[in-house]
Amino acid sequence: MTHERIMEIIRFCLVGGLSFLLDYSILFALTEYAGVYYLYSSAISFSISVVFNYWLCVVYVFKGAQKQTKKQAIIFFSTGVIGLGLNQFCMWFFVAVAGIHYMLAKIFATAIVTIWNYVTKRKAVRG
């Protein structure tokens, strides 16, 4: 693995961490303070964090990504929609089936979706 790839992974993890904090905070605020059902809160917070993550991936994580084609942007957001579905399934499964608190379930769901995101989003922004 090259030094540049290692640095890219580090940048991806930093951006992912910031995106997770945004996602987690919005999920908590909407559910606890606004009284929104956790699956709705999860969808809203995830969607906001995907847009934030996209912007940071383009400007910071993947070098040369600013020159993306429209097709690459569509692929990036399409993978995000699939990631949303995966996130929602994980949230439902961990909370409704496994009986885990929704905030802990979000951590597990994020770990699963992160793997999906790196593999697919790297391809999307690199072409």
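**A pocket and a pair of helices**

The largest pocket in this predicted model holds about 310 Å³ of space. Its lining is made up of 18 residues, and those closest to the centre of the pocket are Gly16, Ser19, Asn53, Thr114 and Asn117. If you trace the lining back to the helices, you will find that H1, H2 and H4 are the elements that each give two or more residues to it. H1 makes the greatest contribution, with seven residues. Sorted by class, the lining has nine polar, six nonpolar and three charged residues.

Now let us turn to a pair of helices. Two packed helices are described by the distance between their axes and the angle between them. For H2 (residues 38-61) and H3 (residues 70-97), the axes come within 10 Å and cross at roughly 145°. The crossing of H2 past H3 is right-handed. On the H2 side, the residues that meet H3 include Tyr38, Phe46, Val50 and Tyr54. Among the H3 residues that meet H2 are Phe76, Gly80, Leu84, Met91 and Trp92. The contact of H2 with H3 has 16 nonpolar and seven polar residues, but no charged ones.

Finally, a word on confidence. The protein has a mean pLDDT of 88, with 91% of its residues at 70 or more. Helix H1 (residues 3-33) has the highest confidence, at a mean of 93, while helix H4 (residues 102-126) has the lowest, at 83. Where pLDDT is low, the predicted coordinates should not be read in detail.

Methods: Residues numbered from 1 in each chain as written. Predicted model: local features only at pLDDT ≥ 70, side-chain atom pairs only at ≥ 80, totals over all residues. Heavy atoms only, no water. Axes fitted to C-alpha atoms, helices over the stretch in contact; angles between N-to-C directions. Helix = DSSP H or I, 4+ residues; strand = E, 2+ residues; numbered from the N terminus. Left-handed = near helix turned anticlockwise from the far one by under 90°. Contact = heavy atoms within 4.5 Å. Nonpolar A, V, L, I, M, F, W, Y, C, P; charged D, E, K, R; others polar. pLDDT = per-residue confidence, 0-100. 1 Å grid on protein atoms, 1.4 Å probe; cavity = no way out; pocket = protein on both sides within 12 Å on 5 of 7 lines; lining within 4 Å. Points joined across faces, edges and corners; volume = space filled by probe spheres on them.
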